Amino acid sequence: MRLSVGDILNFEIMKNARVRTGGHILNERYVQWISAIEMPVENFVRKNEVVLSTAIGCGHDVLLFKKFVEDIIQSKASALIIALGRYIYDVPKEVIEMAEKHNFIIIEIPWEIRFATIIEDVLHALNDMQYKDREKSERVQQELLQLILKETSLNEISGFIQKHIGCPLVITDRAGVVQDRSETYEPDDRWKFYDLKDCISTEHAVLPQDPMYQKFHLIERDGQTIVQLPILKASGDIQGYLFVLPPNDLIEDFLNQYRVNVLEHAATTIALWLSRQNAIEETEMRLRSDFVQELAKGEFSSREQAESRAKLLGFNLKLSYICIAGYPENLELLFKKRKQHYDSYAHWLDSMIRYIEEEINYAAQSLKKEVMMTYQGEKLILFVEMTSHENPAHHFLDLVERRLRNLLPDVIISWGIGAHQEEVAGFKKGFDQAKTALQIGRNKKGAGHRVLYENTKVDRVLLTLAQNKEMKEIIVSAIEPLIQYDQQRTMDLIGTFTTYNECHGNVSQTARLLNLHRQSLLYRLRKIETLTGLSLIDTDDLFLLDLSIKTWKLGLPEASSIL
């Protein structure tokens, strides 16, 4: 509801008023304020204001009066009401022509009409309209709260809001992902919501500097003006956005007091809905995560028990799965580089794991595979739907890593892949295999590699042998002198031996690969023999030293603790 210049002319006190220009737009020019002013105008007149004037100081000078009216027009006032009889007796022709050219309203009133009475009537009308708008917006607020109490869907809430503001809207999360949008919004419109992240980052505060507009922003995009309002948590943090698409020809008058109130109530209601939904989703995620962890640990006593829980959580245990264990290698290091943007490492880590899990889910959906996952003990545990004849997990992980490179290019993840399993008991077996493959891969190859459990046969044999107490002592006695010497002299005797053995004892080839002088290499080889007491030309000694080094690289505890 708005007061127009035409409404003012209907007041009893204005019955003798005469409209000189703009008679065809009287009901199109809205009034937000009224004041009496004389020269100079400067910045004392604001948009949508009705100006009362006697033209004192300029009424007897046509050029000066014309400049006075021109300044009022430039201020985007709604109308000029000029009192005739003392300082001006008639509005000059030049001023009339200028006003008509600019579609500006000029109204003449007799000298005896008191400005104070006009102002009183206008303010009374404005206050009455504001009171009615406030009552109406409060009813909307009550109805919105009822929708929340009735656990109404977000789509119904957005439809209710649209009905009261009269134009389409879109609700997104903080990242710009659409949560809901009006059914009247056509997908082929010029403004595409898949560009929301760009829109959020290019917002411009172009609304009046008025407290009622502080939370609102206007976005200009592809010829469309969009109103943006943040959806805030109780803590004040942004959890989403409300975008409104008013008609371009009405944008100037769209954000009136009523719509501002409705949109603020709407933002509060949506915030409550999102908070409740987030709490529900977090509970579901925790339950699903706990279930996957229990599967991995083998804590279900029967298939029926596991399948019953799985069905409640939306999982299907009747499919075939393989287990993949992932270890993000450098998250703490990345946080230290960016920590100024986050409250704590725990909060940042939670966000990063959520991003990674989203990409894993996307990859599974793209390949039409079911996936169950959790993040426990610094490891990602995935059970991915796979049949026994498929290439085990490589295509899936290729897609995951390709998307992660775009989203989180600096994150390094190591992967261990278990064998194909079909029974409920096989989930624990699959996880144990994936965990073993992950451990062997990290120790043997370093960070950022994938290792299949079935390709670790030799390594598992070595680790099994190393569990024997006497074997441990032999390995440690062989490798310990080399580790200590490398620490003291940084000569890398272990790397030298490994390359020498891979070259089948060819000294020249080894020297070239290590970029060493032949005599320097021979010195190192003699040092290895001296420290270990083993001969590099004796096949048994060579085998023992190679076995010891390979076992140490796989993570033999006693040898690793020396470092």
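A residue counts as buried when its relative accessible area is under 20%. In this predicted model, Thr21 has a relative accessibility of 2%, so Thr21 is buried. Thr21 belongs to strand S2, which covers residues 18–21. The side chain of Thr21 makes two backbone contacts. One runs to the backbone oxygen of Phe104, at 2.7 Å. The other runs to the backbone nitrogen of Ile106, at 3.0 Å.

Two further threonines were examined. Thr456 sits in the loop between strand S17 (450–452) and helix H14 (457–466). The relative accessibility of Thr456 is 1%, so this residue is buried. The side chain of Thr456 is joined to the side chain of Arg460 by a polar contact of 2.8 Å. Thr496 is found in helix H16, residues 493–502. Thr496 is buried too, because its relative accessibility is 1%. Thr496 and Thr510 are 14 residues apart along the chain. Their C-alpha atoms are separated by 8.2 Å.

Salt bridges come next. The model has 15 of them. Asp128 and Lys132 form one, with an N to O distance of 3.4 Å. Both residues lie in helix H4, four residues apart, so about one helical turn separates them. How accessible is Asp128? Its relative accessibility is 34%, and it therefore counts as partly exposed. Lys132 is also partly exposed, because its relative accessible area is 40%.

A second pair is found in helix H13, which spans residues 425–445. Here the side chains of Lys428 and Asp432 meet in a salt bridge, at 2.8 Å from N to O. These two residues are four apart, about one turn of the helix. Lys428 has a relative accessibility of 34% and is therefore partly exposed. Asp432 has a value of 26%, so Asp432 is partly exposed as well.

Another salt bridge joins Arg450 and Glu401. Their closest N and O atoms are 3.0 Å apart. This pair links distant parts of the chain. Arg450 is in strand S17, while Glu401 is in helix H12 (residues 394–407). The two are 49 residues apart. Salt bridges also form a network. Its members are Arg18, Arg20, Asp90 and Glu108.

Glu281, Glu282, Glu284 and Asp350 form a negative patch. Which helix gives the most to the negative patch? Helix H8 (residues 257–297) does, with three residues. Glu281 is in helix H8. The relative accessible area of Glu281 is 36%, so the residue counts as partly exposed. A patch residue needs over 30% relative accessible area, and Glu281 reaches 36%.

Most residues other than glycine have a negative phi, and most peptide bonds are trans. Ala55 has a phi near 65°, a positive value, and is not a glycine. Ala55 lies in the loop between S5 and helix H2 (62–74). Is Ala55 buried or exposed? Its relative accessibility is 0%, so Ala55 counts as buried.

Glu151 also has a positive phi, of about 55°, without being a glycine. The loop between helix H4 (115–149) and helix H5 (154–165) holds this residue. Glu151 has a relative accessible area of 61%, so it is exposed. Thus Ala55 is buried, whereas Glu151 is exposed.

Where is a cis peptide bond found? Such a bond joins Met39 and Pro40, with omega about -5°. Pro40 lies in the loop between strand S4 (33–36) and strand S5 (49–53).

Note on methods: Residues are numbered from 1 along each chain as its sequence is written. This is a predicted model: local features need pLDDT of at least 70, side-chain atom pairs count only at pLDDT 80 or more; totals for chains, interfaces and linings use all residues. Side-chain values use heavy atoms; hydrogens and water are left out. Patches are made of residues with over 30% relative accessible area and no salt bridge: like charges are joined within 9 Å, nonpolar side chains (Val, Leu, Ile, Met, Phe, Trp, Tyr) within 5 Å. Accessible areas come from the Shrake-Rupley method with a 1.4 Å probe; for residues, only the protein chains shown count as cover. A salt bridge is a side-chain nitrogen of Lys or Arg within 4 Å of a carboxyl oxygen of Asp or Glu. Lys and Arg count as positive and Asp and Glu as negative; His and the chain ends are not counted. The place of a charge is taken as NZ of Lys, CZ of Arg, CG of Asp or CD of Glu. Buried means under 20% relative accessible area, exposed over 50%, partly exposed in between (1.4 Å probe, protein chains only). A polar contact is a pair of N or O atoms within 3.5 Å; within protein, one must be able to donate a hydrogen and the other to accept it, and residues adjacent in sequence count only if both atoms are side-chain atoms.
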